[in-house]
Amino acid sequence: MSEVLDRSKNSAIRTGIATGIVDCDIHPTMRSQAELHPWLPERWRKHLAEYGLQARVPFTTGTQYPKAAPATARRDAWPPNGGPPGSDLSFLQAQLLNANDIAIGMLTPLHGSARNTDLDAAYCTAVNEWQLERWVRQDQRLRGSVIVAHEDPDLAVEEIARRADDRSFVQVLIPSKTNEPLGRKRYWPLFAAAQAADLPIAVHVNSVGGGYASTPSGWPSYYLQDHHINVHSFQALIASLVLEGVFEKFPRLRMVMIEGGFAWLSALCWRLDQQWALMRNEVADCKRPPSEYIREHIWFTTQPMEEPEQADHLRDTLTWIGWDRIMFATDYPHWDYDDPRNAFPIRLSPAEHAMIFRDNAMKLYRLHSE
């Protein structure tokens, strides 16, 4: 590991970057849904008590794979004072922020979209207020993500407008499995609002939140299959965004793909470019090779990062994608959390380390002006 990751035994990590690491994927959780009650109208509190959230998932309780439970968490992430992993700010501060010299951490609450979009919008507003009051305003290192009722773009636009001037929020967060391909025009008002607010749209990989099976032919037999196959939803939505002209219509739109890896990107770009050259007359709103739009508009986080047997292959992949398009993430408190001390199987130069662990995120999220 590079000398920039040298660390004394009894101190926090020393990164060689004076102001610390930017962590682009931290999952806060609630002890119970009652934490949202201060910001939920009485109508929806009663609705949730009687009928539940009714997320677009195939199972009414629990998860479809036992390995994904409980809470998909590290065994040591359960707070000593009780509650699920990610629910105790002081424990998160000690175990993650302080221990790893996290200067800025992006909160990415995982919220299964409600089938009732009015309920979904109210729930999203409550979760956003909860992020502010219970997390961001309690620790200046944390930033919130605006979660929205993405299947009702008009309601999503209202929530984005509500948060647009609040620098406590740095991105709009949606899942990777939407009802329709993400490039469809029904979602364009959401893109327009994010661009107008100068907020990136972060897409977090999801297993069941979109209501669809992980594969076109149904649910796989094993959690290992499900854990891997979710990245294919990223490939599908990127193709949709590019080919349906989203980046032509919204030239300042910035997007982040969270927790889906990135080594697959080169093969996707090669194939899209090849097919576009043959059939470009079908997609009039995709005026340039797809890889050009992808390089200009899309960023990726490191966790989970592919680790080939030959480490140089990872370096080649990072070079092809662009060192300025990769951002570090821990995925705390989940079981596949990446410790910044040993996340990379290759030696990074000080400049490469600074870009991935801090500078790329600072630039993308406009944090340099704070």
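Me: Let's start with Val-170. Which residues does Val-170 touch, not counting residues up to four places away in sequence?
Reply: Keep in mind that this is a predicted model. Leaving out residues up to four places away in sequence, Val-170 touches Met-106, Arg-143, Gly-144, Leu-199, Pro-200, Tyr-365 and Leu-367.

Me: And where does Val-170 sit, and is Val-170 buried or exposed?
Reply: Val-170 has its place in strand 4. Its relative accessible area is 2%, and buried means under 20%. So Val-170 counts as buried.

Me: How far apart in space are Val-170 and Lys-46?
Reply: Along the sequence, Val-170 and Lys-46 are 124 residues apart. In space, going C-alpha to C-alpha, the distance between Val-170 and Lys-46 is 32 Å.

Me: On to Glu-151. Where is Glu-151 found, and is Glu-151 buried or exposed?
Reply: Look at the loop between strand 3 (142-147) and helix 4 (153-163), and you'll find Glu-151 there. The relative accessible area of Glu-151 is 12%, with the cut-off for buried being under 20%. Glu-151 is therefore buried.

Me: Which side chains make a polar contact with the side chain of Glu-151?
Reply: One partner is the side chain of His-150, at 3.3 Å. Another polar contact, at 2.8 Å, joins the side chain of Glu-151 to that of Tyr-187. That gives you His-150 and Tyr-187.

Me: Which residue meets Glu-151 in a salt bridge?
Reply: Setting aside neighbours within four places in sequence, Glu-151 is in contact with Thr-117, Thr-178, Asn-179, Arg-186 and Tyr-187. The salt bridge of Glu-151, at 2.9 Å from N to O, is with Arg-186.

Me: How many residues apart are Glu-151 and Arg-186?
Reply: This salt bridge joins Glu-151 and Arg-186, and the pair links distant parts of the chain. Glu-151 is in the loop between strand 3 and helix 4, while Arg-186 is in the loop between strand 4 (169-175) and helix 5 (188-196). The two are 35 residues apart.

Me: Is Arg-186 buried or exposed, or something in between?
Reply: The relative accessible area of Arg-186 is 28%. Buried needs under 20% and exposed needs over 50%. So Arg-186 is partly exposed.

Me: Which residues are linked with Arg-163 in a network of salt bridges?
Reply: Arg-163 and Glu-159 meet through their side chains in a salt bridge (2.8 Å, N to O). Both lie in helix 4, 4 residues apart, about one turn of the helix, and both are buried. In the network, Arg-163 is linked with Glu-129, Glu-159 and Arg-162.

Me: How do the residues in the contact of helix 9 with helix 10 divide?
Reply: From helix 9, Leu-265, Cys-269, Leu-272, Asp-273 and Trp-276 meet Pro-290, Ser-291 and Ile-294 of helix 10. Those residues divide into 6 nonpolar, 1 polar and 1 charged.

Note on methods:
Residues numbered from 1 in each chain as written. Predicted model: local features only at pLDDT ≥ 70, side-chain atom pairs only at ≥ 80, totals over all residues. Heavy atoms only, no water. Buried < 20%, exposed > 50% of the residue type's maximum accessible area, 1.4 Å probe, protein only. Polar contact = N/O pair within 3.5 Å; in protein donor to acceptor, adjacent residues only side chain to side chain. Contact = heavy atoms within 4.5 Å. Nonpolar A, V, L, I, M, F, W, Y, C, P; charged D, E, K, R; others polar. Salt bridge = Lys/Arg side-chain N within 4 Å of Asp/Glu carboxyl O.
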